[in-house]
Every structure is written in structure tokens, then in C-alpha cells.
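Reader: I would like to learn how to read salt bridges from a set of coordinates. Could you take me through the general idea and then the case at hand?

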Amino acid sequence: MRRVLALCAAAGIATSVFAVPASAAVGYYVIRWDNTGICQVWNEELKYKPFQWGASTYKVVSKPLPTFTAASDLQIKLRSERRCTL
């Protein structure tokens with residue numbers, strides 16, 4: 001009985017160690033569309049990347065940010081610096 005309990009405890013600890021870094025990697029980015037100059041907040045948890053075609057391409061213009069609010073504040077700052085049009 002003790003061995004089973006110890007095995008379950010070890011498995012739970014090992015699982016939690018692997019789960020924490022995966023959730024910490026998710027973040028928000030500010031991307032800038034090349035053809036319009038519009039900046040947009042993008043969430044890395046979304047299943048698909050923004051669709052690029054023809055002249056409609058984008059660049060990531062920020063480091064990963066932990067919250068949507070932080071990314072939105074950066075987007076507003078980039079607009080005030082005239083690095084984004086909207």
C-alpha cells in the first residue's frame with residue numbers, strides 16, 4: 001500500500017513539473033501588419049497563426065507579454081510613437 005501511495009505521489013510531482021513550464025510559455029504579442037501598419041495583440045494560445053497572403057504579412061514587434069493588458073498598453077504606446085497606424 002505504501003509503495004502505491006509513494007508511486008502516485010511521485011507521478012503527481014513529475015506531472016506538475018512538466019506542466020508548469022508549458023503554461024508559462026504562453027503569452028501575448030504585438031504584431032504589425034506590413035501592408036497597413038496596423039498593430040494587433042495576438043495570443044499564442046490560439047490554434048492558428050494570423051493568415052498571411054500576398055502583400056498582407058506581419059512581423060512580431062514585441063517580446064512575449066504575460067497579460068492582454070500589458071500587450072494592449074504596449075500597442076497604445078507604439079501608436080503614440082507613430083510606429084503603428086491603428
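Author: A salt bridge is counted here when a side-chain nitrogen of Lys or Arg lies within 4 Å of a carboxyl oxygen of Asp or Glu. Please keep in mind that the model is predicted.

Reader: How many salt bridges does a search of the whole structure find?

Author: The search, run over the whole structure, finds 3 salt bridges. One of them pairs the side chains of Lys49 and Glu44, with an N to O distance of 3.2 Å.

Reader: Is Lys49 buried or exposed, and what is the relative accessible area of Glu44?

Author: Lys49 has a relative accessibility of 52%, and because exposed means over 50%, Lys49 counts as exposed. Glu44, its partner in the salt bridge, has a relative accessible area of 31% and is therefore partly exposed.

Reader: Which residue forms a salt bridge with Lys77, and which side chain meets that of Arg83?

Author: Glu81 is the partner of Lys77, their closest N and O atoms being 3.9 Å apart, which still falls within the 4 Å cut-off. The side chain of Glu81 also meets that of Arg83 in a salt bridge, at 3.4 Å from N to O. Through these shared partners, Lys77, Glu81 and Arg83 are joined into one network.

Key: Residues numbered from 1 in each chain as written. Predicted model: local features only at pLDDT ≥ 70, side-chain atom pairs only at ≥ 80, totals over all residues. Heavy atoms only, no water. Buried < 20%, exposed > 50% of the residue type's maximum accessible area, 1.4 Å probe, protein only.
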